[in-house]
Amino acid sequence: MNTELVSRTGLVPEQMISPAPADVLELAVERVLAAVRPSHLTDPLAGAHAAEKSLREALRTVDGASADDAYGRAVACAEAACEHLRYAELQEARLLLVAARGQLVRSHSGRA
């Protein structure tokens, strides 16, 4: 057990609050959207592969089977964006990431 963490927070690791899956996905989508901006890419192929890797890691932590339809659509859009990033189809990936971001906003407003 990490005693430093327990002494600092007063909580054991199981009691610590982890971010909601929708928040993890939203942060990843925002990061990848920023990373694949045309003005940001010096090497489009390497940038697309790095963005794909980052988005896939975030998708591994989320559950696509949710009671919230908007969240499920956001996950589907992000997964499709990964496929486009695999082939460096940046315009298509950006379009799907913007759609995922919109669905995440709808999901958040439905939960509030």
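**Entry 1**

I looked up R56 and found it partly exposed, at 24% relative accessibility. I noted the scale for this term: buried is under 20% relative accessible area, exposed is over 50%, and partly exposed lies in between, with a 1.4 Å probe and protein chains only. The model is predicted, so I recorded its limits: local features need pLDDT of at least 70, side-chain atom pairs count only at pLDDT 80 or more, and totals for chains, interfaces and linings use all residues. Residues are numbered from 1 along each chain as its sequence is written, and side-chain values use heavy atoms, with hydrogens and water left out.

With which residue does R56 form a salt bridge whose closest N and O atoms are 2.8 Å apart? I found that this partner is E83. A salt bridge here is a side-chain nitrogen of Lys or Arg within 4 Å of a carboxyl oxygen of Asp or Glu. R56 lies in helix α3 and E83 in helix α4 (residues 69–86), so the pair links distant parts of the chain, 27 residues apart. Helices (H or I, at least four residues) and strands (E, at least two) are DSSP runs, numbered from the N terminus. I listed E83 as partly exposed, with a relative accessible area of 34%.

I then turned to E52, whose side chain meets that of R56 in a salt bridge at 3.1 Å, N to O. Both residues belong to helix α3 (residues 44–61); because they are four residues apart there, about one helical turn separates them. Is E52 buried or exposed? I recorded E52 as buried, at 10% relative accessibility.

I also noted that a network of salt bridges links E52, R56, E83 and R86. Side chains of opposite charge can pair when their charged atoms come close.

**Entry 2: E30 and R101**

I counted five salt bridges in the structure. One of them joins the side chains of E30 and R101, at 3.4 Å from N to O. This pair links distant parts of the chain, 71 residues apart: E30 sits in helix α2 (residues 21–35) and R101 in helix α5 (residues 90–111). E30 is partly exposed at 32% relative accessibility, and R101 is partly exposed at 31%.

**Entry 3: cysteines**

How many disulfides does the structure hold? I found zero, a disulfide being a pair of cysteine sulfur atoms within 2.5 Å. I looked up C77, which is buried with a relative accessible area of 16%. C82 is buried as well, with a relative accessible area of 0%.
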